[in-house]
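Thanks for coming. I have one structure to go through today, so please look at the screen while I talk.

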Amino acid sequence: MKLRSALVLTGLTWGATSLSLSTLAAPIVANTTTANIAGPKTITAQSETTTTTKGIRLNWSAVAGAKYYNVCRDNTRISYLASTTFLDTSSDPSKSHAYKVNAFVGDQNSNFSSIVSAQYSAPLVKTNSAGGALIAGPASLTAALEDTSSGIGVRVNWTAVDNAAYYNIYRDDIRVACQSPLTFLDRNAEPGKVHTYKISAYVDTTKETAFSDVVSALFNPVTEVPAALTAQPRWNVSCVTTGQPMPHVILSWNVVPNSVSYSVYRNGVLLKDAVPGAGYIDMSAVSGNTYKYMVRNNGKYGQSADSIAAIAVAPSPPLTAKAGPGNVLLPPANVAVKNMWVGAPTDALAWSPVAGALAYNIYQYGDLIAAGVSGTSYQLATSEFSKGLTYTVTAVDMLGMESIPSSLSFSYGAKAPGVALNYIPKPLVVPTSVKAVSQWNNSKPRVALTWLGNGADDFYNVYRDGVAIASGIWSLSYFDEDVSIGQVHKYQISAYSAVIDYPETSGSTPVSVTVAANTLPVVPGVVQVTSVKANDDSAVIFFNAVPGAVDYRIYNAANSGSMKYSGGGLSIEMNGLDPVAGADLVVEAVDKLGPFQIMDGAMGPGAMAMNGVMSVAINGQGDPSNLPRVIARSAVFHATPKAVVLTGSQVFFDNFRNAKPLVQMQTIDPAIAAANHDGPADATNQFVKEYANDKWTIRNYDADMDYTKMFFMSNHFMDTVYDGGTAHKTDVLHNNNATLAMIPKATADISGGRVLHVTFEVDAHFDGRRWCEVQIGAAGDPLIHPAKLDGGLWPTVSGDRFRWEIGKERSDAKQCVQGVETVLNTYTSILQSNVRVNINHVAGINGDMRDLDKRHKFDLYLTQNRYRLVENGVVEWDGPITTPIPFSKMQVYFVHQVYHTGNDRPELICQQLDPYWYNYRPFSDERHWDNMGFEVLTAFPK
């Protein structure tokens, strides 16, 4: 997380009964100047090789009055000079570079020229002989792993060739460098792979010699373990975060060369991920407790083993100091936003106070932007503002413990005065379907309000008994906590626009509610478990409905602190069971939806209890401030998993137990890079990135590159894909097809009439913007466009592909031959609904909250002229392929698709179809995959 500068408002007030965003602090006036000087009109870049020079030659047109020119390569300035030509002799011959130039005129920089791309390529001259005799190539070639402070890679050395001007280095028969020195460090070797190397020389720049001998090297770097870990207990009279006296444990260790970051573990549980330096302060230690710390190095090529442990006892306060009690804090509710213009767009936030909170932390799209905010309001500096992102707030107690994040609000900012919008917002409409429900939460009463809205740009005001109590509400809900038992209140909701000066609407039709007392039963009722369906390392638990229950949850009897919710459904899949011993489980019925909590592969805010044990709510779909109460409980029962195996030939299968970490690849297939915005074929590409371990290649096409997550948890593979560009880096957010493709490092051959069987499990909460697919291409024919084929795009280089789209109320197969896609079947919504009623044991279809993190089993059987689609053992389709698939050696792609989620709000705001996506997971989709793979069979199953 990035901590950016904090600006705390004192002018925003949050009274006992009202939230106000109308009284603002003095405006902040931006003091910046900009130049509008035209840059060079033309720029060229091309390889240049002479007897004295080698590199990329840049030429550009002059700019009148220029004192000098700045030359940028890949957005980094590499030189400045007065002339209009420059030879880049330090470019990397293995990749393409992007160049641009601007001028310094007077005391200002001009605009940049256009961007040109070039890759150094020495001329390949095929006259490799002298007087008819072949010129011998370099000798004494060696290649070996090098892992030092100066770099990690495969070091290649060779002896000189007389009169050689430079040398070509080939890896796996592909030229990766051209240089004069007699040594080369290949930093782009693939971890775990044996590469071959050979060298040729250019003599007098006209003749290429024969190749050297071929040598092989295994690039298998070892990530160094942090050493000299120490843990020093300290009593701080004034914590930097809370300002309160409390115990700290100060950790330090030796710096590991080439480390990217570090992960700190306490008592075997991840305490802090992505620590940038060789030190960390544990501010959540409890006096008198003994802690065992270990650190792992997150290196470029994976995570190290644990360091040697360091033990510390958190100190008790001295006699002159007093530590406050530890509290399990609820997150703030009712986060409100006021869009502002203070010389530039920005937002002001306000929220409800939290009992026991000493301070608050502010997050923007997951990045910490302000810590230790003392009040219940905060105004972003204009430099912090970024339109289209989201905000959350956490509460912090006097011991530094942080709550889970609040529900989301949205960043809008305000347009400059007098500047017209480039679109016409929907007219304001009085909110409808207002509901007011008396609840008991965190040992006190509250009134939960919900409603339906109209426009994507609408915000809401809340009135109680004719008096405004809240403004700037973005979601479709509000909690009135300033109520007492027996009171009768009348509520109305009005709407106003965040982007245009429409008059505020009138209030909605009033709804009345009587604030009720605590009605929790003295003795909880009984949840009747009806069946347990065993899986590989999980089990689906089915149970009867309990009157009055809104949600259900399950937990391991040995660890009641971590719970998984059903989303209101009558079944839950419990993951991460011991595949041999199983587990003793308990199901509870509760009075409100479980709290939403983000778990994206690392312990987020509020996930750790004071004793260092994770205490999380998985699959919660209610407001994060919800504290559900138990109204019924099952007896303890045992679930024993059942192993999943494939018995055919050519088996590839992964149940993700003991999965090795994913490592980002430094190179990308040039055909894939070129087809996706023509980006560079390396790790700097902002439109395609690739990760791999020993079994998988995971490729991110066009999703948000920074916030999309891929990780292993509870013995399955998980991903959270964010649609659109990368925040702060690319322009368009939430506005395209984003694809995550999971590619086995194995292929299948079905020649001779054999059958490919592809199988996997994934949670099936599909909607029109979030779905999964299986795509089949020819082995060696890269998948270049995995999503829509608009404008004549081809899915693969050959244009051939088989595709199974699995969406809400549909299951379609399509075939693409030579770039022309044909629908093979369309599975009707009525039949799909009936099938899924039968297999889900619930009265609904795919796509609702009950299918979140409850995996369905999908199977595809495929020959070159027939296919069968199966979900949870039910055949959805079995039919011929009219035009036989033109390949038999097959590459399988498991695909996660997310499309244009920026339209979620205008589509759902009037319907409240799925509050989970609308309130807590906009712009993204999360999936949980398991038991994935394929086999080759001799025939279709009977």
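Residues are numbered from 1 along each chain as its sequence is written, and side-chain values use heavy atoms, with hydrogens and water left out.

First, confidence. pLDDT is the predictor's confidence in each residue, from 0 to 100. The protein averages 85, and 87% of the residues score at least 70. Over residues 125-131 the pLDDT is below 50, and this stretch has 14 contacts in the model beyond near neighbours in sequence. A contact means heavy atoms within 4.5 Å. Residues 828-847 also stay under 50, and there the model has 53 contacts beyond four places in sequence. Where pLDDT is low, the predicted coordinates should not be read in detail.

Now the make-up. There are four helices and 68 strands in the protein. Both are DSSP runs numbered from the N terminus, helices being H or I with at least four residues and strands E with at least two. Of the 942 residues, 54% are buried. Buried means under 20% relative accessible area, exposed means over 50%, and partly exposed is in between, using a 1.4 Å probe and protein chains only. Among contacts between residues at least 6 apart in sequence, 67% join residues at least 24 apart.

On to the cores. A nonpolar core is a set of buried Ala, Val, Leu, Ile, Met, Phe, Trp, Tyr and Cys residues joined through side-chain atoms within 4.5 Å. The largest one has 45 residues, and L756, I776, F802, L860 and L862 have the most contacts inside it. Strand β60 (residues 770-778) gives the most to this core, with five residues. L862 touches residues including I750, L756, I776, F802 and F940. Apart from this core lies another, of 31 residues, among them Y360, W474, Y707 and Y722.

Last, two residues in loops. K592 is in the loop between β47 (583-590) and β48 (617-618). Is K592 buried or exposed? It is buried, with a relative accessible area of 3%. Its side chain makes a polar contact with the side chain of D591 at 3.1 Å. A polar contact is a pair of N or O atoms within 3.5 Å; within protein, one must be able to donate a hydrogen and the other to accept it, and residues adjacent in sequence count only if both atoms are side-chain atoms. A polar atom of the K592 side chain also lies 3.0 Å from the backbone oxygen of W440.

L329 is in the loop between β26 (310-313) and β27 (336-341), and L329 is buried too, at 11% relative accessible area. L329 and A395 are 66 residues apart in sequence, but 6.8 Å apart in space, C-alpha to C-alpha.

Terms used
Predicted model: local features only at pLDDT ≥ 70, side-chain atom pairs only at ≥ 80, totals over all residues.
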